[in-house]
Amino acid sequence: MQGWNEVTITYLLAIASPTHAVPASIYWTGYDREGTASQYGIKHTYFGIPLTQVYVPGSPGPLFFTQYSYLGYDPRGVRDNYSDYFENNRNEALVSQAYGVANPNHFRGYGRDSWGLTAVDGPNGRYHEYKPFVTDDGTIAPTGAIASYAYTPQASLAAFKHWYRDLGAQMWGIYGFCDAFNQQLDWVSGITMGLNQAPQTVMIEKGRTGLIWGTFMSNPEIRPMQHAIGLKSDEKDLGIRSK
């Protein structure tokens, strides 16, 4: 897969492999799509918030793009030619919150403390990729906002408190929040999905202590991989950035 999506980590780990490494150049020709008509570098702005990555024209994409690849890999302080991924990931979450406030389709339940469009169980019984502006039927995913905690702790915590305190009887179970809900349709998902529960736990801990980012980045293969790709650092040397 090329371009802004959830597979950044696949490129990074393949290049980092000590036994079956792929050429570092595929990061640029594959992930960053250099040499194609749609290479990176075009900035977009939503609600006055700048983004350097978009998924489809008119939408920044679902929030899981900012989460899955970064459950271990720390995007802080290191960037490529086109994007500061920590800043972009944070702004993606802020755009999602701003979209919830703007609520262009006037769905019930949206607001500053109720936001987060991503891929989850939908009211039609199918797993669906929800994206601001282009695919929105009123379905909000708790994992969207809560798993953004490492980027937007205050906004994510406000959503957590609202859902737990005000809607908890419907939405909270033994495994945490339900997968999704839609107040417009008076619908709450009957499932919890590990794919969406795990990022919430991991990203909250990274926002609290940075433990998991620090542990992953301490692996000896990571710094040489970053050097091989030619990523740029905000510091004199690539590696773990202190909080």
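In this predicted model, the mean positions of the 18 positive and 21 negative charges of the protein chain lie 6 Å apart. The accessible surface of the chain comes to about 11100 Å², and 55% of that belongs to carbon and sulfur atoms.

The overall form can be described next. The secondary structure consists of eight helices and ten strands. Along its principal axes, the C-alpha trace spans about 50 × 40 × 30 Å. A compact globule of 243 residues would have a radius of gyration near 18 Å, and the protein chain agrees with this, since its own value is 18 Å. Of the 243 residues, 52% count as buried. Among contacts between residues at least 6 apart in sequence, 64% join residues at least 24 apart.

Helix H8 covers residues 222–229, and its residues Ile222, Met225, Gln226 and Ile229 are buried. These residues sit on the same side of H8, because they cover an arc of only 100 degrees around the axis. In general, an α-helix has 3.6 residues a turn, so residues three or four places apart point the same way. The cover over the buried residues of H8 includes helix H1 (8–16), helix H2 (26–31), strand E3 (78–79) and helix H7 (211–217). Just after H8 comes Gly230, with a positive phi of about 90 degrees.

Glu221 is partly exposed, because its relative accessible area is 30%. Leaving aside residues up to four places away in sequence, Glu221 touches Ala16 and Pro18. Glu221 and Pro104 are 117 residues apart in sequence, and their C-alpha atoms are 45 Å apart in space.

Key. Residues numbered from 1 in each chain as written. Predicted model: local features only at pLDDT ≥ 70, side-chain atom pairs only at ≥ 80, totals over all residues. Heavy atoms only, no water. Buried < 20%, exposed > 50% of the residue type's maximum accessible area, 1.4 Å probe, protein only. Helix = DSSP H or I, 4+ residues; strand = E, 2+ residues; numbered from the N terminus. Arc of directions from axis to C-beta. Contact = heavy atoms within 4.5 Å. Rg over C-alpha atoms; globule rule 2.2 N^0.38 Å. Areas by Shrake-Rupley, 256 points an atom, 1.4 Å probe, with all protein chains shown as cover. Lys, Arg positive; Asp, Glu negative; His and termini not counted. Charge placed at Lys NZ, Arg CZ, Asp CG, Glu CD.
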